Amino acid sequence: MEITNTNILHDRVYALYRVSSLGQVEKDDIPMQKQYCREFAARQGWTIVREFSEKGVSGFKVSAKDRDAIQEIQREAALGKFDILLVFMFDRLGRRDDETPFVVEWFVRNGIEVWSAMEGQQRFDSHVDKLMNYIRYWQASGESLKTSIRTKTRLGQLTEEGHYTGGTVPFGYRAVDKGRVNKRNRTVLDLEIDEDEAEIVRLIFQKYVTEGYGALRISRYLHEQGIKHRDGRNFPNTSLNRIIKNVIYTGILKNGESQSEYIDELKIIDAATFSRAQEIMRQRTQPRSEVPLNSKGKSLLVGNIYCAHCGNRLTLTTSGKRVVWEDGTVKYEPRIRYQCHYNVRHPGECDGQSGYGITKLDGIVDKAIRMKFAQITAAKESEILADQHKKEIELARIKFEQAREGLSEKEKELEDYKRETLKVIRGQSTLNIDLLNSLVSETEGAILQLKESVSVAEKEYTALLESADSLRKEYDRLLSWADLYDSCSFEAKKMIVSQLIKAVRVGRDYNIEIDFNVTFTAFQNCCIQDGQPSTLQPLRSCSA
């Protein structure tokens, strides 16, 4: 039916066209709206004096006050520059039930008629008109919410299926066409590793995990090496932190709460390295941490060395003197020491030394570490997983199996009683029904108790297996440190030492006691006296 308006005194029209996604722009939605609105205006005898197009603007997510087109149209309306606001459909003005109805009403109150080429004029002559106006945008808002939920759910499903769902391509990957299409038969892209960028990602994790570099130091290092981001710029700290936190580098896609299974083709970093990076990042926010805040400097020990006499932490101090060489050159030779500030500030209250030379003390600790690694490298698995531990695991396994067998027997017994009960009911058994009911009740109670016993035995067995697996993993980690220690950089050594050693306590004459973060009973209790590792006692061990 032709829509006509006989009450219009003027015919100056502003037209507004909107699409909520750039994909709709590509599908020519705006030209379609424009053509239909122009044809509609021509039939009404109106003149379109100005047209506004909003591309990729959500009428649900974006408020009217943040939409430049709406704001400009309102300013023009206040100046009386047009008479009619025309849209293809009313939801082009917006889809917010708490805002859009009042925007429409504002135009009408300011003398502007609001028309839809598909739905006619929006009037406010009665309470029913106001109600219908609100209901229209309440429905539009609900549809947007439902669309959002459907989209989010589907994107989550695609992620769980291992598919890339769009957005910024993470550094280290590129988006490629692997022949996958969506339900509209449009090509969608998938991720694959970009080996050039992946090498940079591995370098970033190496510096962070192995050598203890922070994001700022990594940024400077990459700049000095001439390594740039894919946009040709330097790596800012924020980008590096996002890379270090992104689980995709282990081969797992994540989108909100949804994540995929492990995808080997997308793996750049192994899970252990990624996990360690997250632990380092977490610990660096804690007031007390086994991870150094940075690995710069010339001292092997940072934050984990204490005075054996007063218990206070030792700190690094630097002093020096001017030295004149034979050729007359004057140079400043720095002297770095571990100092007990409590001893210096409270003379007589701490009977230890005020300070210890960094070269001598680090040398003693280094020697102890090498001894420790030699013990670990020479150890056999039987020494790692002690005989007593093995016996506990075996006993737990037997207990678990016996509990399951007992439960299975009782369940079979209950089935026998139930079959016999049926025979009694059919008159095929001479047993007393009351006796059978009593046996059934008693057996059901025993089954409940046995199920609880099976659950307890399973938990004990699982816990012991996990403990054994944890010991093996710790041993593998220590073996990797032992292999690295001789050949790695000094920064990497500091990271190894910070994780291997819980505390070093040093007393007069360089008597040193070391607490290692090692749980193996094969490597317990060792003391160092007179600057030499003692072979009389094994190294003391403290659990991490």
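Which strands does helix α4 lie across, and at what angle does α4 run to β4? That was my opening look-up today, and I kept in mind that this is a predicted model.

**Entry 1: the sheet and its helices**

I found α4, residues 100–109, lying across β3, β4 and β5. Its direction runs at about 130° to β4, which spans 113–116.

Next I traced the sheet that these strands belong to. I noted an open sheet of five strands, with mixed pairing and the order β2-β1-β3-β4-β5. At its edges I found β2 (47–55) and β5 (120–122), each pairing on one side only. Ignoring direction, I have neighbouring strands turned by 25° against each other on average.

I then turned to helix α3, residues 68–78, and saw that α3 packs on the sheet, where it touches β1, β2 and β3. The direction of α3 makes about 155° with that of β2.

A reminder to myself: strands of a sheet pair through backbone hydrogen bonds, either parallel or antiparallel. For β1 (residues 12–19) and β3 (residues 84–87), I read the parallel sense, over four bridges.

**Entry 2: Lys-65**

Is Lys-65 buried or exposed? I looked it up and found Lys-65 exposed, because its relative accessible area of 59% is over the 50% cut-off. I placed Lys-65 in the loop between β2 and α3. Leaving aside neighbours within four places in sequence, I listed Gln-71 and Glu-99 as the contacts of Lys-65. Glu-99 is 34 residues away along the chain, yet I have the C-alpha atoms of Lys-65 and Glu-99 separated by 9.9 Å.

Ser-219 is buried, because its relative accessible area of 13% is under the 20% cut-off. Beyond the neighbours within four places in sequence, I noted Phe-235, Asn-237 and Leu-240 in contact with Ser-219.

Which residues of α7 are buried? I wrote down Ala-215, Ile-218, Ser-219 and Leu-222. Seen down the axis of α7, these buried residues fall within an arc of 105°, so they line one face of the helix. I was glad to recall that an α-helix has 3.6 residues a turn, so residues three or four places apart point the same way. What covers the buried residues of α7 includes α6 (195–210) and α8 (237–245). Just after α7, I spotted Gly-226 with a positive phi of about 75°.

**Entry 3: Asn-304**

Where does Asn-304 lie? I found Asn-304 in the loop between α9 and β10, the latter spanning 305–307. Asn-304 is buried, with a relative accessible area of 7%. I again left aside neighbours within four places in sequence, and the contacts of Asn-304 came out as Arg-313, Val-497, Ser-498, Ile-501, Lys-502, Ala-503 and Val-504.

Note on methods. Residues numbered from 1 in each chain as written. Predicted model: local features only at pLDDT ≥ 70, side-chain atom pairs only at ≥ 80, totals over all residues. Heavy atoms only, no water. Buried < 20%, exposed > 50% of the residue type's maximum accessible area, 1.4 Å probe, protein only. Contact = heavy atoms within 4.5 Å. Pairing = 2+ DSSP bridges. Helix = DSSP H or I, 4+ residues; strand = E, 2+ residues; numbered from the N terminus. Axes fitted to C-alpha atoms, helices over the stretch in contact; angles between N-to-C directions. Arc of directions from axis to C-beta.
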